[in-house]
Amino acid sequence: MVLDTYASSNPNQVHEDVLQKSRDACYKARDAFYSCLEKESGKKPTEIASVGLLYPKECSLSRTEFVKNCRSSWVKHFDREYCRNKRVQRLLDDGDERKGPMSLPQPYTFKPSPSS
């Protein structure tokens, strides 16, 4: 990776532009992979990513680029975030009436009990 080569030759110097380019490459690769997941969502997922994420074989190339351009901790973080967002979306989209926010009875629906 370019960043590793750069860091070893200049251990005490930080160049913001190198960090920004690396981060931009990571974000671009991440977005390409997750776009592929959305586009190929109808296909059977056969490949295993980190944190239990499954994806179709058609997204293997973009996954390779994603893993190559991002730190492994970032890849795991983005995979977890994607899975969490999909889980929440699935819960919200579910046809079950009991899902979602509860509507509690309002005070005016209760009649005061007569005092004796």
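**Exercise 1. Work out how exposed Lys57 is, then describe its salt bridge with Glu47.**

Let's begin with Lys57: its relative accessible area is 57%. Exposed means over 50%, so Lys57 is exposed. Keep in mind that this is a predicted model.

Next, turn to the partner. Glu47 has 21% relative accessibility and counts as partly exposed. The side chains of Lys57 and Glu47 form a salt bridge, with 4.0 Å from N to O.

Glu47 sits in strand β1, while Lys57 belongs to the loop between β2 and α3; the pair links distant parts of the chain, 10 residues apart.

**Exercise 2. Find which parts the salt bridge between Glu58 and Lys43 ties together, and which network the two residues belong to.**

Start with the contact itself: the Glu58 and Lys43 side chains meet at 3.7 Å, N to O. Glu58 is in the loop between β2 (54-55) and α3 (60-69), and Lys43 is in the loop between α2 and β1 (47-48), so this bridge ties together parts that lie 15 residues apart in sequence.

Now check accessibility. Glu58, at 45%, is partly exposed, and Lys43, at 39%, is partly exposed too.

To finish, follow the shared partners: salt bridges join Lys39, Glu40, Lys43 and Glu58 into one network. The structure holds 8 salt bridges.

**Exercise 3. Classify both residues of the Arg30 and Asp31 salt bridge as buried, partly exposed or exposed.**

The two side chains meet at 3.0 Å, N to O. Take Arg30 and its relative accessible area of 19%. Buried means under 20%, so Arg30 is buried. Asp31, in turn, has 40% relative accessibility and is partly exposed.

**Exercise 4. Describe the largest nonpolar core and say which element gives the largest share.**

First, look at its membership: the core has 16 residues, and those touching the most other members are Phe33, Tyr34, Leu37, Leu53, Tyr55, Cys59 and Phe66. Then ask about the elements: α2 (16-39) and α4 are those that give two or more residues. The largest share, 6 residues, comes from α2.

**Exercise 5. Locate the patch of positive charge and examine Arg80 within it.**

On the surface, Lys76, Arg80, Arg84, Arg87 and Arg90 gather into this patch. Arg80 itself lies in helix α4, which spans residues 72-93. With a relative accessible area of 45%, Arg80 is partly exposed.

Terms used:
Residues are numbered from 1 along each chain as its sequence is written. This is a predicted model: local features need pLDDT of at least 70, side-chain atom pairs count only at pLDDT 80 or more; totals for chains, interfaces and linings use all residues. Side-chain values use heavy atoms; hydrogens and water are left out. Patches are made of residues with over 30% relative accessible area and no salt bridge: like charges are joined within 9 Å, nonpolar side chains (Val, Leu, Ile, Met, Phe, Trp, Tyr) within 5 Å. Accessible areas come from the Shrake-Rupley method with a 1.4 Å probe; for residues, only the protein chains shown count as cover. Lys and Arg count as positive and Asp and Glu as negative; His and the chain ends are not counted. The place of a charge is taken as NZ of Lys, CZ of Arg, CG of Asp or CD of Glu. Helices (H or I, at least four residues) and strands (E, at least two) are DSSP runs, numbered from the N terminus. Buried means under 20% relative accessible area, exposed over 50%, partly exposed in between (1.4 Å probe, protein chains only). A nonpolar core is a set of buried Ala, Val, Leu, Ile, Met, Phe, Trp, Tyr and Cys residues joined through side-chain atoms within 4.5 Å.
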